[in-house]
Amino acid sequence: MIKIFSSENTFEYKTITELKRAIFVFKIFRLKNVSYVLQQVLKIALFLKIPIGWAVKPNVYGHFVGGKSLDGCQKVIHRMAKYQVESILDYSVEGGNSDEAIQNAIDETMKSVEFAGKHEHVPFAVFKPSAMTYEWVLSQENRENLPEEIEKFRIRLFQLFEHAVSLNIPILVDAEEVAWQALIDQIVEEGMQRFNKEKAIVFQTLQMYRVDRLAYLQRLLRDARKAEYFPGIKLVRGAYMEKERAIAKKMNRNSPIYPTKQDTDEAYNKALEICVENIDIVSIFNGTHNQESCKFLTDLIDEKQLDKRNKNIYFVQLYGMSDDLSFGLAKMGYRVAKYVPYGPVKHVMPYLMRRAEENSSVSEQASRELKILKEELKRRKSK
């Protein structure tokens, strides 16, 4: 296991009020039935356009979200930077449902690239590709009848890539559902081949709970060497497990997801190993809350005698989660960043509900968060 530093070092940047809020949030998320009921209430409130900011902002929103806007995240950025933890600002909107929504997502992502270009503690920009087109376009199994929409989608993504290149800011393309991912893979690979000639600017995201991603990674690296470009690889475990399994069952197909968590863990660590073996061309974005995977990567860095501050290796966790891991790794000298969502309450709520679903299904993670938070609160009160 990674050595966890004292809670004083881990949570020094949090106030007592923020610690109490974090404890409340994780207590709720650990209770699956309560969490489910709250999710349904929030969905109904959003559908009926009932104002919910007054209830959400002081609790869940305040814990997991950096602010309503890019400038509203400044306080979070500077607070974490004091402890060598950087920020990646994520405009957390879901799929577009109108031309206006799509254009807004494009404009906001452009601004986030510019914001990163002006702030030394914001090393990446990021966007969710499903926000750049209509969901029905991505959901079509046969897209041969949609050449114009597909080309519009490709052009929008390339506009973002080109903007990132012009400001020398790496840009992360988030992963989506399996049914959508093949098209996204194709466009992102084209972007990497075109724009990553000197270093990784465009980053592909691999969800390692998918049974096909190790083979995909190996093929991608072979192609990168042949075409002489530098791939950026963001590794995550995945966020749509239950949904993907349900879709596969409904369609009478084999599940695209590994049957056990151990299988996923092994695939994730194998992907880290493959990337480190190809560190001469690969930039690694290690997006995980798993302590064993972080320890595995630190061991690989030691074995390869790489610098802890290697510019091609980042450890990344979500804002509001695994602070012990993030701040501990940063204190050990590694490059660390937090994914910091931002946006108005109504736009960020789907993201927050996913956080609730993930945490309620991983009680061990929530319990660990609670344990160290309570230890720190007790320490503060005893001073």
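This text walks through the predicted model shown above, from its overall build to single residues. Local features need pLDDT of at least 70, and side-chain atom pairs count only at pLDDT 80 or more, while totals for chains, interfaces and linings use all residues. Residues are numbered from 1 along each chain as its sequence is written, and side-chain values use heavy atoms, with hydrogens and water left out.

Start with the whole protein. Its secondary structure comes to 16 helices and eight strands. Both are DSSP runs, numbered from the N terminus: helices are H or I with at least four residues, and strands are E with at least two.

Next, look at what is covered. Of the 383 residues in the protein, 57% are buried. Buried means under 20% relative accessible area, exposed means over 50%, and partly exposed lies in between (1.4 Å probe, protein chains only). The protein exposes about 17900 Å². Carbon and sulfur atoms supply 53% of that area. Accessible areas come from the Shrake-Rupley method with a 1.4 Å probe; for residues, only the protein chains shown count as cover.

How does the chain meet itself? Take contacts between residues at least 6 apart in sequence: 78% of them join residues at least 24 apart. A contact means heavy atoms within 4.5 Å.

Now go inside. The largest nonpolar core has 82 residues. Such a core is a set of buried Ala, Val, Leu, Ile, Met, Phe, Trp, Tyr and Cys residues joined through side-chain atoms within 4.5 Å. Phe-161, Ile-171, Leu-235 and Phe-315 touch the most other members. Follow Leu-235. Leaving aside neighbours within four places in sequence, its contacts include Leu-206, Met-208, Tyr-268, Phe-285 and Gly-287. A second, separate core has 30 residues, among them Phe-11, Tyr-61, Val-316 and Val-345.

What about cysteines? Cys-73 is buried, at 0% relative accessibility. Cys-294 is also buried, at 0%. A disulfide is a covalent bond between the sulfur atoms of two cysteines. The cut-off used here is a pair of cysteine sulfur atoms within 2.5 Å. The structure holds zero disulfides.

Finally, turn to two loop residues. Asn-252 lies in the loop between α11 (241-250) and α12 (261-277). Asn-252 has a positive phi of about 55°, although it is not a glycine. Is Asn-252 buried or exposed? Asn-252 is exposed, with a relative accessible area of 72%. Gln-305 lies in the loop between α13 (291-303) and β7 (313-318). Gln-305 is not a glycine, yet has a positive phi of about 55°. Gln-305 is exposed, with a relative accessible area of 75%.
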